[in-house]
Amino acid sequence: MKILMTLDAVGGVWQHALDLAQGLRDRGVSVVLAGLGPWPDADQMAAAQAIAPMEWGDAPLDWLARSPHDLTPVSAWLDRVAARHGVDVLHLNLPTQAVGLTCALPVLTVSHSCLATWFSAVCGTDVPIDLSWQRDLTAQGLRAADAVVAPSQAHADAVVRCYGPLPRLVVVPNTSRTPPLTGPRRDRVVAVGRWWDCGKNGAVLDAAAALSDWPIQMIGALSGPNGAGLTPTHAQQAGALSHQDTLSAIGRAGIFCAPSLYEPFGLAVLEAARAAVPLVLADIPTFRELWHDVALFFDPHDPQALADALNALARDPVMRAGLGPLAQGRAAGLNPDAQVDAMLRLYLHLARTPVSTITG
């Protein structure tokens, strides 16, 4: 069996796709990576090419497109790549990529995020009129796919609220294959995100930093490819770090904080939990679903509430010593092998392929 998997180098889809591709390759499944949007850097390119052959197209990602016409080349390019490599199933990490395909191959699409669910969670509104074409194109892609995957039940519920019932929607949680990096703990709060995205709620985190006993280190880009940005004034700015350096910083943190207003899964939280770092999380449905009873939660709209939660944990080493292992135990249930098994069952069902016929 051979899978064509799309990815991009901007968000969390990158590492998710590489981890899944690695797991599939270990099971004898061939993967072809097809990238769109801003080009990966040299380290990203090398990491991807060590796992699977990769092609990169010229079209933008849907959320960076100015109009639906910018996305017109996507389907034809994917058709060509699929034909060139003789794939059996398309795994598309943006639902809009399922629109306009002519290859007649089974299509699985993953809703990692979308504008409609983002605006609902962050702004409490529908998508603005000038961006409604993106919501409509996403809806077309979700309905054109033979299977739709969401990384959490909370996000699946949000997708259904925005787009209506999707009978072929299933939940397969994200996981991480990279070993956690741990070291001596520091009296420091670490947070990781694309801080230019206001859904990551960096402004509230920065305000809480002025009230926090421990310094708060913000890891991640402060300016985005869409022109958005954030300039923290109280938190320490580490900027964008490599995946390994990010894991190392997480593993040495005394506390990990995720203040997000919108998070379909939250891979950085998983990485912190795997390293047994105590968690302070925004009280949103996704985090409640995944980390109930093993983290401290706070109102993500209230910097004082965030600072209070951080300070309570910073001042209580016994609480920290208890919460970290609890989070680690919960993280152990989000197993990479279980994710690969679940995705492989979906691929085989879509391709109507017996397990015994899988070859590398």
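## A glycine in a loop

G183 counts as partly exposed, because its relative accessibility is 28%, and partly exposed lies between the cut-offs of under 20% for buried and over 50% for exposed. This comes from a predicted model. Where does G183 lie? It sits in the loop between β7 and β8.

Which residues does G183 touch, leaving out those up to four places away in sequence? They are G251 and R252. Take R252. In sequence, G183 and R252 are 69 residues apart. In space, their C-alpha atoms are 5.1 Å apart.

## The whole chain

The chain has 360 residues, and a compact globule with that number would have a radius of gyration near 21 Å. The chain has 20 Å, which agrees. Along the principal axes, the C-alpha atoms fill a box of roughly 60 × 45 × 40 Å.

How much of the chain is buried? Buried residues make up 56% of the 360 residues. The secondary structure comes to 13 helices and 13 strands.

Strand β1 covers residues 2-7, and strand β4 covers residues 89-92. The two run parallel and are joined by 3 bridges. M5 stands opposite H91 in β4.

## The sheet of six strands

Another open sheet has 6 strands, again with parallel pairing. The order here is β10-β9-β8-β11-β12-β13. Its edge strands are β10 (236-239) and β13 (296-298), and each pairs on one side only. Neighbouring strands of this sheet are turned by 25 degrees against each other on average, direction ignored.

Strand β11 spans residues 253-258. Is β11 mostly covered or mostly open? It is mostly covered, with 6 of its 6 residues buried. In a regular strand, the side chains alternate between the two faces of the sheet.

Strand β11 has parallel pairings with β8 and with β12. Strand β8, residues 186-192, is joined to β11 by 3 bridges. There V190 stands opposite F256 in β11. Strand β12, residues 279-282, pairs with β11 over 3 bridges as well. Here the bridge partner of A258 is L281 in β12.

Helix α4 covers residues 115-122, and helix α6 covers residues 153-163. They pack at an angle of about 100 degrees, with their axes 9 Å apart. That makes α4 roughly perpendicular to α6, because angles of 65 to 115 degrees count as roughly perpendicular.

Which residues make the contact? From α4 come A116, T117 and S120. From α6 come H155, A158, V159, C162 and Y163. The residues of this contact divide into 5 nonpolar, 3 polar and no charged.

## What the helices bury

In α4, the residues A116, T117, W118, F119 and V122 are buried. What do the buried residues of α4 pack against? They pack against α5 (132-144) and α6. Just after α4 comes G124, which takes a positive phi of about 70 degrees.

The buried residues of α6 are A154, H155, A156, A158, V159 and Y163. Their cover includes the helices α4, α5 and α10 (285-291). It also includes the strands β6 (147-150) and β7. After α6 comes G164, whose phi is also positive, near 90 degrees.

Key:
Residues are numbered from 1 along each chain as its sequence is written. This is a predicted model: local features need pLDDT of at least 70, side-chain atom pairs count only at pLDDT 80 or more; totals for chains, interfaces and linings use all residues. Side-chain values use heavy atoms; hydrogens and water are left out. Axes are lines fitted to C-alpha atoms, for helices over the stretch in contact, and angles run from 0 to 180 degrees between N-to-C directions. Helices (H or I, at least four residues) and strands (E, at least two) are DSSP runs, numbered from the N terminus. Angles under 35 degrees count as roughly parallel, over 145 as roughly antiparallel, 65 to 115 as roughly perpendicular and the rest as oblique. Contact means heavy atoms within 4.5 Å. Ala, Val, Leu, Ile, Met, Phe, Trp, Tyr, Cys and Pro count as nonpolar, Asp, Glu, Lys and Arg as charged, and the others, Gly among them, as polar. Buried means under 20% relative accessible area, exposed over 50%, partly exposed in between (1.4 Å probe, protein chains only). Two strands pair if DSSP finds at least two bridges between them. The radius of gyration is taken over C-alpha atoms; the globule rule is 2.2 Å times the number of residues to the power 0.38.
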